[in-house]
Amino acid sequence: MSIHRSVAIRTAVGLGAALSLTVLSACGGGGSGAGSATDGKIEGEIKFQTWNLRANFKDYFEGVIKDFEKANPGTKVKWVDQPADNYADKLSADASAGTLPDVVNLSPDLAYPLAKAGTLLNLDKDKVAATFKPEYLDGAWQGFDMPGLDGSYAFPWYLNTGPLFYNKSMFKDAGLDPDKAPKTFDDLFADAAQLAKKGKATLAQPPTVEDFGRYGVDIMSKDGKRFTFNDAKGVGFLTKYQDMFKEGGLHQQALTLTAETAGQKFLQQEVAMNPGSAHDLDTFKKNAPTLYNSLGITDVPTNTGKQNMYLQGLSVNSQSKNAATALAFAHFVTDQKNQEDFGHKVAVFPSTKGSLDKEYWTRADGTEEGRIRVASARMLPTAVNYTPVLFSDEMKTILRNEIAKCLQGKESPKEALDGAAEQMTKLIQQK
């Protein structure tokens, strides 16, 4: 799914993901929760910080702020926009100095250290904020639950996910039903075995942490103190991937391909399936018409019945001097009307209940973007965030390296996952 190129993008890679979610991020707060009362009078000035949005969404945000101030006389919202470069460092420095704004836009992983430090308002524990919880999709609200902290720390804002493309001609040539894409991982492994018999690979990359989640593996303990994907189910899942790699169901270069180069293998019809976006559809149409004419669009296989959700939210500074205004503004930006307006301007999806039932997200308009929008929106009402908030880039590398050792036959699935879980748990304990 595409969004304006100047906006920073986070990409998850794997079976369920070359699905990018835009990180239109920011942050706020500073302190130990000793701010003003959230049930006080909505008045005064607050600061709202975004990350590299002003150039492309200036009119939208200025309009939202104007509407809020008009609806709440006596309020003033100061909008601060930070450049994308070194944003995480800026966030950390401001948090340490206690100078973060009142309303903050965060992804779950960025919210966790701030919530743990007492910087963010626990919405489930706040009597005013908790009343808004029924307005949002359950999976989106739960996406900001923090392990060991007993609550959610941001109003869900925009969401993303994405479909899986598959090559109907390759399915047909392998004796598979071209109109019946795999729905579960068992289906996927069976189809991959059949394709491999015909000398064709199914996927271009090994599994990611989200794939373990979709398979039904418990990735972390509920208290967030250790990784648990090395249980029997996790080992069984990786064993299936090991078998698929040996049989040729994974591309021979799968261990070295990036999301971009994996996409090229699908474009070149060297693999039968790959995650994608509306931008890819346009590329296929122009550069690979044969593929485009046999292209199938389906959901990513899942054994849980729930897809993966990538999400952003708005948090409230727990020490805001105008907490009632900050809370009201965070809710206002993420209410149904404003979320739907934003979703019409950007290739993201609202997290408010009922929004995805509307025609814009249920009926394709004949465009490539419309096809993907409808396919993606269908998945989100029941989707969840499988990626632990503590899952860092360093942990991603550890897991990928251990999986590579397994697929190469250097370690057993059990040894690989035990090694990954041990290393990643040590990283948590060092924090």
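Reader: Quick one to start: which residue stands opposite Leu-314 in S10?
Author: Phe-155 stands opposite Leu-314 there. Bear in mind that this is a predicted model, where local features need pLDDT of at least 70, side-chain atom pairs count only at pLDDT 80 or more, and totals for chains, interfaces and linings use all residues. Residues are numbered from 1 along each chain as its sequence is written, and side-chain values use heavy atoms, with hydrogens and water left out.

Reader: Thanks! And which strand pairs with S10 over residues 155-160?
Author: Strand S6 (residues 155-160) does, running antiparallel to S10 over four bridges. Strands here are DSSP runs of E with at least two residues, helices are runs of H or I with at least four, and both are numbered from the N terminus. Two strands count as paired if DSSP finds at least two bridges between them.

Reader: What about strand S5 and S10, parallel or antiparallel?
Author: Antiparallel: S5 (residues 103-106) and S10 share four bridges. Within that pairing, Val-103 has Val-316 of S10 as its bridge partner.

Reader: Is S10 itself buried or exposed?
Author: Strand S10 (residues 310-316) is mostly covered, with seven of its seven residues buried. Buried means under 20% relative accessible area, exposed means over 50%, and partly exposed is in between (1.4 Å probe, protein chains only).

Reader: Nice. What's the strand order in that open sheet?
Author: The six strands go S4-S3-S5-S10-S6-S11, with mixed pairing. Strand S4 (75-82) and strand S11 (349-350) are the edges, each pairing on one side only. Helix H1 (residues 54-71) packs on the sheet and touches S3, S4 and S6, and its direction makes about 165° with that of S4. Such axes are lines fitted to C-alpha atoms, for helices over the stretch in contact, with angles from 0 to 180 degrees between N-to-C directions.

Reader: How many bridges join S3 to S5?
Author: Two, and strand S3 (residues 44-51) runs parallel to S5. Phe-48 has Val-103 as its bridge partner in S5.

Reader: Changing topic: where is Thr-202?
Author: Thr-202 is in the loop between helix H6 (185-197) and helix H7 (209-215).

Reader: Why does Thr-202 count as buried?
Author: Because its relative accessibility is 1%. Leaving out residues up to four places away in sequence, Thr-202 touches Leu-188, Asp-191, Ala-192, Leu-195, Gly-249, Val-271, Ala-272 and Met-273. Contact means heavy atoms within 4.5 Å.

Reader: How many salt bridges does the whole structure have?
Author: A search finds 18. The test is a side-chain nitrogen of Lys or Arg within 4 Å of a carboxyl oxygen of Asp or Glu. One of them joins Lys-168 and Asp-179, whose closest N and O atoms are 3.2 Å apart. Lys-168 lies in helix H5 (residues 168-173) and Asp-179 in the loop between H5 and H6, so this pair ties together parts eleven residues apart in sequence. Lys-168 is partly exposed at 27% relative accessibility, and Asp-179 is exposed at 61%.

Reader: And what does Arg-214 form a salt bridge with?
Author: Asp-211, with the closest N and O atoms 2.8 Å apart. Both lie in helix H7, three residues apart, about one turn of the helix. Arg-214 is buried at 1% relative accessible area, and Asp-211 is buried at 0%.

Reader: Which residue pairs with Lys-426?
Author: Glu-422 forms a salt bridge with Lys-426, at 3.6 Å between the closest N and O atoms. The two are four residues apart in helix H17 (residues 413-430), about one turn of the helix. Lys-426 is partly exposed at 45% relative accessibility, as is Glu-422 at 48%.

Reader: Last one: how many helices and strands does the protein have?
Author: 17 helices and eleven strands. Of its 431 residues, 57% count as buried. The C-alpha trace spans about 70 × 50 × 35 Å along its principal axes.
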